[in-house]
Amino acid sequence: MTEETRPRAPITEAAVLAWLETTAAAVEAGEVGAQELIDMLGELRRASAACADASDWLLLAAREGGASLRQIAPVFGKGYVRAPAARLEKLHRQAQNASQWLAILRHKQTA
């Protein structure tokens with residue numbers, strides 16, 4: 001798979017910061033009201049939950065792909081394996097693999 005065809009995360013930290021800067025400027029200029037902010041807050045919280053679900057799927061898939069907890073740990077911001085190990089343990093109470101987790105996510109979306 002080439003760099004151009006490699007899957008990428010649908011959102012980046014830089015994109016969120018750019019959006020936040022633009023939105024903050026619009027709020028300061030009085031172009032965005034309280035209800036619009038509340039609506040965006042709801043959208044962002046749903047998107048945040050979706051990102052967390054996607055992160056869990058990626059964690060399961062990485063382990064299935066042979067990644068060690070030591071390789072994964074830095075992504076969690078820790079130099080030790082307890083954080084991803086604890087997350088995997090919690091996930092495994094619901095799904096044993098990435099395919100099962102994706103099925104759960106699909107079911108949540110249609111429920």
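**Terms and their grounds**

Me: What share of the residues of the chain counts as buried?
Reply: Of the 111 residues of the chain, 15% count as buried. Buried means a relative accessible area under 20%, exposed means over 50%, and partly exposed lies in between (1.4 Å probe, protein chains only). This is a predicted model, in which local features need pLDDT of at least 70 and side-chain atom pairs count only at pLDDT 80 or more, while totals for chains, interfaces and linings use all residues. Residues are numbered from 1 along each chain as its sequence is written, and side-chain values use heavy atoms, with hydrogens and water left out.

Me: Which secondary structure elements does the chain have, and in what order do they run?
Reply: The chain has 5 helices and 0 strands, and from the N terminus the order is α-α-α-α-α. Helices (H or I, at least four residues) and strands (E, at least two) are DSSP runs, numbered from the N terminus.

Me: Why is the chain called more spread out than a compact globule?
Reply: The radius of gyration of the chain is 18 Å, well over the 13 Å that the globule rule gives for 111 residues, so the chain is more spread out than a compact globule. The radius is taken over C-alpha atoms, and the rule is 2.2 Å times the number of residues to the power 0.38. Along its principal axes, the C-alpha trace spans about 50 × 35 × 30 Å.

Me: What makes up the largest nonpolar core?
Reply: This core has 10 residues in all, among them Leu59, Leu60, Ile72, Leu88 and Trp101. Helices H2 (34-64), H4 (82-92) and H5 (98-110) each give two or more residues to the core, and H5 supplies the largest share, 3 residues. A nonpolar core is a set of buried Ala, Val, Leu, Ile, Met, Phe, Trp, Tyr and Cys residues joined through side-chain atoms within 4.5 Å.

Me: What makes alanine 49 partly exposed?
Reply: Alanine 49, which also lies in helix H2, has a relative accessible area of 40%, so alanine 49 is partly exposed. The C-alpha atoms of alanine 49 and threonine 22, 27 residues apart along the chain, are separated by 23 Å.

Me: How do you know that histidine 92 is partly exposed?
Reply: The relative accessible area of histidine 92 is 34%, so the term partly exposed applies. Histidine 92 lies in helix H4. Histidine 92 and leucine 60 are 32 residues apart in sequence and 9.0 Å apart in space, C-alpha to C-alpha.
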